[in-house]
Amino acid sequence: MRMRIAVAGASGYVGGEVLRLALGHPEVEIGAVTAGESAGSPLGAHQPHLPALADRTIAETTPEQLAGHDVVFLALPHGRSAELAAQLSEDALVVDCGADHRLTDPAAWQRWYGGEHAGAWPYGLPELPGARDALRGSRRIAVPGCYPTAGTLAAFPAVAAGLVEPEISIVAFSGTSGAGKAAKPHLLGAEVMGSAGAYGVGGGHRHTPEIVQNLAAVSAASTVPVRVSFTPVLAPMPRGILAVASAPLAAHAVTEEQAREVYAKAYDAEPFVHLLPAGTQPQTKSVVGANAVQVQVAVDADAGRLVVTAAIDNLTKGTAGGAFQSVNLALGLDETVGLPTTGMHP
Ligand SMILES: NC(=O)C1=CN([C@@H]2O[C@H](COP(=O)(O)OP(=O)(O)OC[C@H]3O[C@@H](n4cnc5c(N)ncnc54)[C@H](OP(=O)(O)O)[C@@H]3O)[C@@H](O)[C@H]2O)C=CC1
Ligand SMILES: CC(=O)N[C@@H](CCC(=O)OP(=O)(O)O)C(=O)O
């Protein structure tokens with residue numbers, strides 16, 4: 001099924017990754033490319049890695065520019081996408097890469113983002129139980145946050161199988177592209193190069209309720225609330241997220257082999273999730289540009305904890321790749337069409 005796509009936010013990091021993947025997708029024709037302040041300038045001035053599109057002129061982001069496309073990707077700051085989506089045709093498949101339609105609980109939206117809750121759309125993490133059914137045939141997709149993709153995929157098989165108590169700690173290291181390309185003082189080279197630092201420490205990051213929402217939906221301990229302590233760390237690299245999730249084992253006798261069996265059952269049939277052989281660890285570089293997740297499982301018997309590591313590229317599986325995976329499902333295509341799975345080494 002051929003699809004004509006529009007990309008709003010085409011000058012940004014996510015918009016650039018959507019367009020990179022679109023150029024390699026056999027069923028995609030690229031229509032409108034729009035943005036904010038950069039409207040009127042050539043796309044090549046913002047996306048130097050896309051020479052095939054360098055001469056395209058960026059248009060203003062209006063409902064009229066985005067009309068007449070089969071799929072509209074909104075790679076815009078949160079708030080802006082909900083406002084725009086409300087003015088788009090119900091027949092078009094609208095894919096919100098921002099946060100506006102991820103949270104199902106209006107009170108959680110109010111607490112973490114503020115303002116009116118736009119409502120929740122089918123959540124674009126196909127690996128979560130039940131997600132594929134909601135995505136098939138849908139005309140709206142909420143793309144997960146990049147940390148929630150990594151953290152959820154690291155933790156959910158153990159939470160769903162009751163392997164751990166639902167008291168999850170997630171520490172995740174992110175490349176700086178996770179913050180977008182708008183100039184921010186804490187992202188200056190002099191601040192970031194050669195250094196790593198935590199932020200949002202003590203439960204302050206707005207991805208916490210999204211991770212809780214995902215894990216609570218699958219938790220085997222239905223009478224015990226899922227609690228997540230999430231700590232993001234900015235790391236001196238352009239792309240990638242490495243998440244380290246750990247939780248107390250529900251039974252102290254659980255062996256590493258048993259834990260691996262739980263993860264193998266969850267992921268053996270998944271085209272984009274790779275449970276690594278014992279003894280190797282996920283590396284962010286190995287998934288750069290790939291719609292891939294590397295996962296490893298360990299049991300810390302002395303501490304009585306399960307420790308799971310997961311690596312993704314925040315812009316690929318963490319946003320644009322995961323978005324195309326969900327689009328493929330929504331349009332009845334094979335989920336894997338057009339999505340690269342190989343990363344880089346060294
Ligand atoms: N970066 C990441 O790893 C991830 C990002 N996301 C989400 O994806 C969305 C895009 O992020 P990212 O690409 O990183 O951000 P960038 O800052 O790199 O890009 C933002 C884009 O939005 C455009 N824009 C900003 N304000 C407006 C406006 N008022 N009207 C129209 N267009 C506007 C910008 O255009 P211009 O430059 O012309 O102003 C630019 O094209 C955000 O919601 C982000 O939270 C989600 C998961 C991961
Ligand atoms: C490194 C870095 O700054 N990362 C961003 C997460 C990006 C993302 O996924 O943002 P949305 O949920 O808004 O889509 C942050 O911590 O805010």
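## The annotated span

The end C-alpha atoms of residues 4-136 lie 19 Å apart, and this span is 25% helix and 17% strand. Helices (H or I, at least four residues) and strands (E, at least two) are DSSP runs, numbered from the N terminus. An unreviewed UniProt entry annotates residues 4-136 as "domain: Semialdehyde dehydrogenase NAD-binding"; UniProt positions are given in the numbering used here, feature names are shortened, and annotations may be inferred rather than shown by experiment.

The model is predicted: local features need pLDDT of at least 70, side-chain atom pairs count only at pLDDT 80 or more, and totals for chains, interfaces and linings use all residues. Residues are numbered from 1 along each chain as its sequence is written, while chains are lettered from A and ligands numbered from 1 in the order in which they are written.

The domain assignment gives domain 1 (3-144 + 317-330) and domain 2 (147-313), with bounds that come from an automatic or database domain assignment. Their C-alpha centres lie 24 Å apart. The contact takes 18 residues from domain 1 and 26 residues from domain 2, where two residues are in contact if their C-beta atoms, placed from the backbone, lie within 7 Å.

On the side of domain 1 that touches domain 2, α4 (106-112) and α10 each supply at least two residues. The largest share of that side, 5 residues, comes from α10. The residues of this side divide into 9 nonpolar, 6 polar and 3 charged. Ala, Val, Leu, Ile, Met, Phe, Trp, Tyr, Cys and Pro count as nonpolar, Asp, Glu, Lys and Arg as charged, and the others, Gly among them, as polar.

## The shell around ligand 1

Ligand 1 lies between domain 1 and domain 2, because both give residues to the shell around it. Of the 30 residues around ligand 1, G12, G36, S38, G98 and G180 come nearest; a residue is near a molecule if its C-beta atom, placed from the backbone, lies within 6 Å of it.

Both α1 (13-23) and α10 supply at least two residues of the shell, and α1 gives the largest share, 3 residues. By class, the shell around ligand 1 holds 11 nonpolar, 16 polar and 3 charged residues.

G200 is in the loop between β8 (197-198) and α8 (208-218). Leaving aside its neighbours within four places in sequence, G200 is in contact with H205 and P232. The C-alpha atoms of G200 and P232 are separated by 6.7 Å, although these residues are 32 residues apart along the chain.

P346 is in the segment after α10 (316-330). The peptide bond from H345 to P346 is cis, with omega near -5 degrees.
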